[in-house]
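Take a look at the chain below.

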Amino acid sequence: MINFLMSLCKLSFGEFEKKEFLKFLRLGVILMTILGTYWMMKPLKDSIFTQLVGADAIPYAKTVSVVFIVVLVAAYTKILDFVPKSKLLATLPALFYGTIMVLFSFFVQAFQNGIIAKGLLTTVLGYIWYCLVESFGSIIVALFWAFSTDITKSESAKKGFPLIVALGQIGGISFPYLFINLPISIGFGSDFLALMIAACLTLLIYPLVKYFMKKTPADLVTSQTLKKSSETKKEKTGFIEGLRLLISNKYLLGILFVNFSFEFIATIFDFNFKNASAGMYSGNKLTQYYSLFASVVNLVSFVLLVLGVNKITKYMGLKISLACVPIFFGLSILGFITINSLEFLFCLMVACKAVNYSLNGPSLKQLYIPTSSDAKSKSQAWIETFGSRFSKESGSVVNMFKPLGESMYRILSCGLGSVFVVAWLFVALYLGKTHKKAIETNTNVC
């Protein structure tokens, strides 16, 4: 069976040794569970927040989430000083997120059945729910990739990381469609059951991580041995270390800028898509529509990976694969400024997220391989949590200009987006060049 799967994956991802393939297969199942849970939570986040607070408040929710994320990152990076990544990955999803989701599901059940009226309580809990889901998508996914990059060598990552992402997309395709549509199809009138299922799925991460650590050979869970560059100093640990390392190294700042540019532009697209869809659907029908969107995004991402979009990295290099993404987003901005319909915005968001998950995401993860342990975990946490939230907040500030006039808003958003795309292209070329040099000379960039 394993040999058959290896031969099946060989065409799209490359040739694996059997033990190496099993390693990435196990990691892929873990990511499938994480992304499947997240993509269940994501449509629930948007739908429930819209019901509790309103779609127009989404830019303000993204602003609040920045503060929320800073607090969580502070706790997360401090815990990393004392708890191994594998143990934290196994326990954090269920203990923190699973527990809160169980409690929140009862509140949603009461609200959607008319027991609790819309007011201050629903607004406060709506913001808390929004921030919670945003943090899951940042912290848990970042923790998974910090763990994965720490135990994977560069050459192995080129073929293994796209396979992991492809398996992760299967969770993103199936979980939202099955577990959000299931309660609706059997006549369940609230999101209670979908929330409870998502909470239960977080419990699966623990045995999957434990199984991975038990079954994967020790020589496949060790990081690439790299010499420290002459500029690398002895590192201190602590909450601030990740931030200090980030702002003192232009390579890490470049990764931050690429992440910022994508999130900034995607936030503008997403806000318009959410506004248009909220005007067309309501209640759990809106949740169902968002779950369809989630499944289509992950389906397109999976198809791109199976068709071999990762071969761009393998045959043309990381620099070219990184540079393709801002070119695509430049074309997307042209479409956004000229076409305004829900159908187009649906397709635009699917395309942007699919390109990010299938090409940009795996490429960015490889950039962390020639870096120190603190860069892989703490700086990456800053980039993918606080940095990501700050970029969404910046995009949300632009979105706040929409009520002042559609023409002014389009000129402002697309003008800023175009500036970021041009800068993004040059930064991507720099990152690809620096990564290649570090791997060839077997040194850490930072």
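Start with one term: buried means under 20% relative accessible area, exposed means over 50%, and partly exposed lies in between, with a 1.4 Å probe and protein chains only. Leu404 is exposed by this rule, because its relative accessible area is 58%.

The model is predicted, so local features need pLDDT of at least 70 and side-chain atom pairs count only at pLDDT 80 or more, while totals for chains, interfaces and linings use all residues. Residues are numbered from 1 along each chain as its sequence is written, and side-chain values use heavy atoms, with hydrogens and water left out.

## The whole chain

The chain has 15 helices and two strands. Helices (H or I, at least four residues) and strands (E, at least two) are DSSP runs, numbered from the N terminus.

How does the radius of gyration agree with that of a compact globule? A compact globule of 446 residues would have a radius near 22 Å, and the chain has 21 Å, which agrees. The radius is taken over C-alpha atoms, and the globule rule is 2.2 Å times the number of residues to the power 0.38. Along the principal axes, the C-alpha atoms fill a box of roughly 60 × 50 × 45 Å. Of the 446 residues, 58% count as buried.

Leu143 and Glu406 are 263 residues apart in sequence, and their C-alpha atoms are 39 Å apart in space. Leu143 sits in helix α5 (residues 120-150). Leu143 is buried, because its relative accessibility is 0%. Thr338 and Ile197 are 141 residues apart in sequence and 41 Å apart in space, C-alpha to C-alpha. Thr338 belongs to helix α12 (residues 318-338). At 61% relative accessibility, Thr338 is exposed.

## Patches on the surface

Patches are built from residues with over 30% relative accessible area and no salt bridge; like charges are joined within 9 Å, and nonpolar side chains (Val, Leu, Ile, Met, Phe, Trp, Tyr) within 5 Å. Accessible areas come from the Shrake-Rupley method with a 1.4 Å probe, and for residues only the protein chains shown count as cover.

One patch is nonpolar. Val397, Phe401, Leu404 and Met408 make it, with an area of about 350 Å². Leu404 lies in the loop between α14 (373-399) and α15.

Another patch is positive. Which residues gather in this patch of positive charge? They are Lys319, Lys433, Lys436 and Lys437. Lys and Arg count as positive and Asp and Glu as negative; His and the chain ends are not counted. Each charge is placed at NZ of Lys, CZ of Arg, CG of Asp or CD of Glu. Helix α15 (residues 406-441) gives the most to the positive patch, with three residues. Lys433 is found in helix α15. At a relative accessible area of 60%, Lys433 is exposed.

Now look at the loop between α15 and β2 (443-444), where Asn442 is found. Most residues other than glycine have a negative phi. Asn442 has a positive phi, near 55 degrees. Asn442 is partly exposed, because its relative accessibility is 30%.

## Salt bridges

Side chains of opposite charge can pair when their charged atoms come close. A salt bridge is a side-chain nitrogen of Lys or Arg within 4 Å of a carboxyl oxygen of Asp or Glu. The structure holds seven salt bridges. The table includes three of them.

| Lys | Partner | Closest N and O atoms |
|---|---|---|
| Lys159 | Glu20 | 3.5 Å |
| Lys45 | Asp46 | 3.6 Å |
| Lys274 | Asp270 | 3.0 Å |

Lys159 pairs with Glu20. This pair links distant parts of the chain: Lys159 is in helix α6 (residues 154-185) and Glu20 in helix α2 (residues 18-52), 139 residues apart. Both Lys159 and Glu20 are buried.

Lys45 is buried, because its relative accessibility is 1%. Asp46 is buried too, with a relative accessible area of 4%.

Lys274 and Asp270 both lie in helix α9 (residues 250-278). They are four residues apart, about one turn of the helix.

Some bridges join up. Lys45, Asp46, Glu134, Asp270, Lys274 and Lys392 are linked in a network of salt bridges.
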